[in-house]
Amino acid sequence: MSRITNTSVLNNITVTGWNVGGLNNPTKRTRILCHLAKLKSEIAILQETHLTQTEASKLKQKRVGQVYHSSFNSKNRGVTILIHKKTSFVIQSSNIDIEGRYVIIEGLLYNEPIVIESVYGPNGDSVGFFSKLSTIFTEYSGKPIIVGGDFNSVFKPEMDRSEKPIPSDRASSAALNDFCKNMGLFDAWRLMNPENRDYTFYSNRHKSYSRIDAFLITQNVLSNVWSTDILNMVYSDHCPITLSFSPSTYFIKPSLWKLNNSLLANKKLVEFINTETQLFFEANEKSVNCFSTVWEAYKVTCRGWLISFASKQKRERAARMQKLTEVLSRLESAHKAKPKDDQIDTELMKVKLEVKDLLNKKQNLTCTD
């Protein structure tokens with residue numbers, strides 16, 4: 001089998017922030033983890049997980065190597081940081097809130113110091129919450145920091161809401177901005193999109209959008225950031241947000257080709273493999289004296305068949321997903337401009353269901369690593 005040789009390269013790490021709206025349901029939990037894998041997330045910073053400390057341990061599966069969690073109860077709050085099992089992260093200290101509002105970890109990410117925090121801000125008393133957070137953060141002063149969170153507050157009400165500012169914006173926005181100023185934190189998305197309007201949360205009750213989810217980063221992280229994006233809304237009423245940055249030069253780990261067992265559920269593929277296998281051995285079994293040579297040749301050939309079939313499926317799904325994503329993005333933009341338009345809302349819901357169905361089918365095929 002082919003193996004990638006260890007090579008020193010400058011690579012980007014993808015961090016995903018997401019208010020997932022509860023992970024108690026095993027099916028949803030699997031879908032969320034698979035979607036994070038699709039996004040190639042090395043670090044996931046989650047809010048509203050609604051998991052007890054015991055339940056949070058169930059997140060440590062397949063790709064997830066480390067789980068840091070703050071729980072409140074099985075119906076409210078809960079924040080989590082997930083580290084991919086292949087990501088080099090050595091924990092040095094952690095600060096876990098007993099009320100499920102924040103979890104902070106400090107350690108070495110590919111031998112580079114980093115502080116990572118997941119925050120879920122309250123709907124009320126933002127002033128008290130961010131004041132408390134500022135006090136806690138003083139011990140991390142001067143260190144590279146990434147804060148991912150649902151802050152339940154907007155930075156600029158006139159830019160970060162689709163409708164008019166609400167009465168509580170004045171106090172909550174001031175508290176959030178003061179926290180950032182005092183801690184030397186920058187709103188990554190707004191820095192890269194100074195004039196753009198986009199949102200991360202949709203309130204069905206108020207038929208309005210807001211940007212209350214964000215990455216806050218220090219200057220020493222900002223210089224290494226490549227991109228930050230707000231993605232399509234799936235599985236939750238919050239959009240996933242991503243931050244791509246380069247902590248340092250590090251080594252790619254060896255990687256082996258693995259059979260995706262779900263491919264064998266395709267009857268046409270199985271029939272093709274059976275027929276071609278018979279023909280292969282009829283043509284090659286007596287071509288050399290050593291059968292092991294034929295067997296090794298067959299394994300290489302069969303792997304080629306499987307890779308070719310999987311690639312074709314992937315291209316077809318990608319083309320369909322690209323088309324749906326374009327439609328979804330257009331409808332989301334239209335809905336953000338006119339949140340109360342019932343026709344747009346109906347079309348948007350229909351396309352979201354199609355996207356979710358395609359994502360689910362794809363995850364059933366690919367979520368096997």
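Select Asn25 and Thr27 at the start of helix H1: a side-chain oxygen of Asn25 comes to within 2.9 Å of the backbone nitrogen of Thr27, a polar contact in the sense of a pair of N or O atoms within 3.5 Å, where within protein one must be able to donate a hydrogen and the other to accept it, and residues adjacent in sequence count only if both atoms are side-chain atoms. The model is predicted, so local features need pLDDT of at least 70 and side-chain atom pairs count only at pLDDT 80 or more, whereas totals for chains, interfaces and linings use all residues. Residues are numbered from 1 along each chain as its sequence is written, and side-chain values use heavy atoms, with hydrogens and water left out.

Among the buried residues of H1 are Ile32, Leu33 and Leu36, where buried means under 20% relative accessible area, exposed over 50%, and partly exposed in between (1.4 Å probe, protein chains only). Just after H1, Lys40 takes a positive phi of about 60°.

Next, select Ile43 and Ile146, the residues with the most contacts inside the largest nonpolar core, which has 56 residues; such a core is a set of buried Ala, Val, Leu, Ile, Met, Phe, Trp, Tyr and Cys residues joined through side-chain atoms within 4.5 Å. Helix H10 (residues 342-366) gives the most to this core, with 5 residues. Around Ile146, not counting residues up to four places away in sequence, the residues touched include Ile45, Ile114, Phe215 and Leu243, contact meaning heavy atoms within 4.5 Å.

A second, separate core of 22 residues includes Phe130, Phe155, Ala214 and Leu216. From there, move to Asp187 in strand S10 (residues 186-187), which, leaving aside neighbours within four places in sequence, is in contact with Phe155, Arg211, Ala214, Phe215 and Leu216. Asp187 is buried, with a relative accessible area of 10%, and its side chain makes a polar contact of 2.6 Å with the side chain of Arg211.

Finally, zoom out to the protein, which has 10 helices and 16 strands, and whose C-alpha atoms fill a box of roughly 80 × 50 × 40 Å, taken along the principal axes. Of its 369 residues, 48% count as buried.

Key
Helix = DSSP H or I, 4+ residues; strand = E, 2+ residues; numbered from the N terminus.
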